[in-house]
Amino acid sequence: MIKPGHARSLGVPVPEARLRFDTELQAIGGGPRRRLLMVDDEPAFELGFYCGTCPFLFRRLETATEKLSLESVQQRLTGALDDPADGGVIEAFGALLPEGEYLPLLLSVEPRLVVPGRDGDYFSGEQVTTWGIDQFWGLPQYPHTPYYRTFETAVDADAHLYEFVVPMVAPTWNERERVEEYVALMERGTVPTAVAISTLDVCRPAIAFGDDPSAHWGLTHFLLDGHHKLEAAAAAGRPVRLLSLLALGESLAGADDTARLPALRAQPRAARATGT
């Protein structure tokens, strides 16, 4: 944690927002189906269901094809922000978001790129330890995207915080030359800044299919700006700063949970000891 901000109102009316949250309906008069993150009116990610007992989830969809970088703040984000309010960055990205309450958090992250199903994958590791494999498919959940793991820490004996940075498009879409430019900058000591809209989802299994029926606090940062920076940082083993705009009204967490987040994010990194 570098510095938390204060919760504030941001955004534009929903029809004008390039990014918004939505719920897919089953049919006319039917109940909610999928919880979605939409970009330019296309479903970009499926998120965990509202029940609070289903497994934590982010899953990239076929229509996730757009980044949301802003040229107007690129120069300011080449270096490190020292305060969430620096340089009008919050206001610039707020114009892409739907009206709501957001908590700005300025974080230092050291990203590690994870490929689903391989070493370090949360969905085939820690999640299976708690929920077991999907009872229908007989497989772990699958996010359909590489992603970055950045931090984890204990909430209490029965709950653990897991943090992820999720690119809007796969790292294979990044321009190699730009990634290499950021690697060179970082090796000279530059710490660039990325920007994300974030959610905090608190999920606890109702039935113990796994060996560790604990609550998972999933802090997910969906990248608005910084795709090349995150890949470069992961490749070079360097930190970046991340300006997170936590969507309070779209998180599956209560006010008391989100109020604890800055203090939890300031704790030392710690892996979950299974069975504690």
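Trainee: Which residues lie nearest the centre of the second largest pocket?

Mentor: In this predicted model, the second largest pocket is lined by 14 residues. Two elements, α4 (176–187) and α5 (227–236), each give two or more residues to that lining. Those nearest the centre are Lys-67, Ser-69, Gln-74, Arg-178 and His-228.

Trainee: Which element supplies the largest share of the lining of the second largest pocket?

Mentor: By class, this lining divides into two nonpolar, six polar and six charged residues. The largest share, three residues, comes from α5.

Trainee: Which helix gives the most to the lining of the largest pocket?

Mentor: The largest pocket holds about 440 Å³ of space. Its lining comprises 25 residues, with Pro-55, Ile-133, Asp-134, Gln-135 and Gln-141 the closest to the centre. By class, the lining has 15 nonpolar, seven polar and three charged residues. With three residues, the helix that gives the most is α3 (residues 126–131).

Trainee: What radius of gyration does the chain have, and how does that value compare with the globule rule?

Mentor: The secondary structure comes to six helices and 13 strands. For 276 residues the globule rule gives 19 Å, and the chain's value is close to this, so the chain is as compact as a globular protein of that length. The radius of gyration is 18 Å.

Trainee: What percentage of the residues of the chain count as buried?

Mentor: A residue counts as buried under 20% relative accessible area. The chain exposes about 12200 Å², of which carbon and sulfur atoms supply 51%. Of the 276 residues, the buried share is 49%.

Definitions and conventions: Residues numbered from 1 in each chain as written. Predicted model: local features only at pLDDT ≥ 70, side-chain atom pairs only at ≥ 80, totals over all residues. Heavy atoms only, no water. 1 Å grid on protein atoms, 1.4 Å probe; cavity = no way out; pocket = protein on both sides within 12 Å on 5 of 7 lines; lining within 4 Å. Points joined across faces, edges and corners; volume = space filled by probe spheres on them. Helix = DSSP H or I, 4+ residues; strand = E, 2+ residues; numbered from the N terminus. Nonpolar A, V, L, I, M, F, W, Y, C, P; charged D, E, K, R; others polar. Rg over C-alpha atoms; globule rule 2.2 N^0.38 Å. Buried < 20%, exposed > 50% of the residue type's maximum accessible area, 1.4 Å probe, protein only. Areas by Shrake-Rupley, 256 points an atom, 1.4 Å probe, with all protein chains shown as cover.
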